Amino acid sequence: MAFASNSGTGPMADINVTPLVDVMLVLLIIFMVTAPALSYQIQVDLPQRTSNPPPQPKDPPEPIRLRIEAGGTVTWNNSPIPISVLQSSLEVEAQRAQQPTLEIETDPDAQYEMLAKVLARAKNSGMEKIAFVDPGQ
C-alpha cells in the first residue's frame with residue numbers, strides 16, 4: 001500500500017475539517033429541534049361554497065354620512081345630531097333588512113376622542129359596514 005506522507009518537507013497545507021463538520025452538525029441539530037417550535041397554526045375562516053347564493057340586492061340603501069367637526073359636533077347627512085342620540089339612531093338603521101354603509105368623515109383638526117366615541121357607538125349599535133371617507137371627496 002502506498003500512502004503519501006508529508007513528513008518533514010514543510011508546513012502542511014491541508015485544512016482540518018473535522019471541527020467544522022462537528023460545528024455544522026451541532027447547528028443542524030439545533031435548527032431541527034427549534035424549527036417545529038417556531039411553526040404555529042393560524043386559524044383562517046374561509047368562505048364555504050353554497051349551492052344557492054344569496055340574492056343580490058336590487059337597490060342598496062343610501063349610505064349614512066357622519067362628519068365629525070373640529071369643535072366636536074357630529075352631523076348625520078349634513079344635519080347636526082347630539083352624540084347622546086347617535087347610538088339609538090344607529091340601532092334603528094342596523095335593524096333594517098339591508099344595513100346601510102356608515103361613512104365616517106373627520107375634520108383634520110377633530111380630536112381622536114370624539115372619533116373613538118362615534119366608533120364605539122357604531123359598534124355597540126350593531127353596524128357592520130363602517131367606512132372612512134377622505135375629507136377631500
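Which residues does Ala 131 touch, not counting residues up to four places away in sequence? They are Thr 101, Leu 102, Glu 103 and Ile 104. The model is predicted.

**Helices α2 and α3**

- Helix α2 spans residues 83-94. Helix α3 spans residues 112-125.
- The axes of α2 and α3 come within 8 Å. They cross at roughly 35°.
- This crossing of α2 and α3 is right-handed.
- On the α2 side, the contact is made by Ile 83, Leu 86, Gln 87, Leu 90, Glu 91 and Ala 94.
- On the α3 side, the contact is made by Met 114, Val 118, Arg 121, Ala 122, Asn 124 and Ser 125.
- Seven residues of the contact of α2 with α3 are nonpolar, three are polar and two are charged.

**Ser 125, in helix α3**

- Ser 125 lies in α3 and belongs to the contact with α2.
- Is Ser 125 buried or exposed? Ser 125 is buried, because its relative accessible area is 5%, and buried means under 20%.
- Leaving out residues up to four places away in sequence, Ser 125 touches Gln 87, Leu 90, Glu 91 and Ala 94.

**Ala 131, in strand β5**

- Strand β5 covers residues 130-132, and Ala 131 is found in it.
- Ala 131 has a relative accessibility of 26%, so it counts as partly exposed.
- Ala 131 and Pro 63 are 68 residues apart in sequence. In space, their C-alpha atoms are 9.8 Å apart.

**The loop between β2 and β3**

- Strand β2 covers 74-76 and strand β3 covers 79-81. Asn 77 lies in the loop between them, and Asn 78 is in that loop too.
- Most residues other than glycine have a negative phi.
- Asn 77 has a positive phi of about 50°, although it is not a glycine.
- Asn 78 also has a positive phi, near 70°, and it is a residue other than glycine.
- How does the accessibility of Asn 77 classify it: buried, partly exposed or exposed? Asn 77 is partly exposed, with a relative accessible area of 39%.
- Asn 78 has a relative accessibility of 75%. Exposed means over 50%, so Asn 78 counts as exposed.

Terms used
Residues numbered from 1 in each chain as written. Predicted model: local features only at pLDDT ≥ 70, side-chain atom pairs only at ≥ 80, totals over all residues. Heavy atoms only, no water. Helix = DSSP H or I, 4+ residues; strand = E, 2+ residues; numbered from the N terminus. Buried < 20%, exposed > 50% of the residue type's maximum accessible area, 1.4 Å probe, protein only. Contact = heavy atoms within 4.5 Å. Axes fitted to C-alpha atoms, helices over the stretch in contact; angles between N-to-C directions. Left-handed = near helix turned anticlockwise from the far one by under 90°. Nonpolar A, V, L, I, M, F, W, Y, C, P; charged D, E, K, R; others polar.
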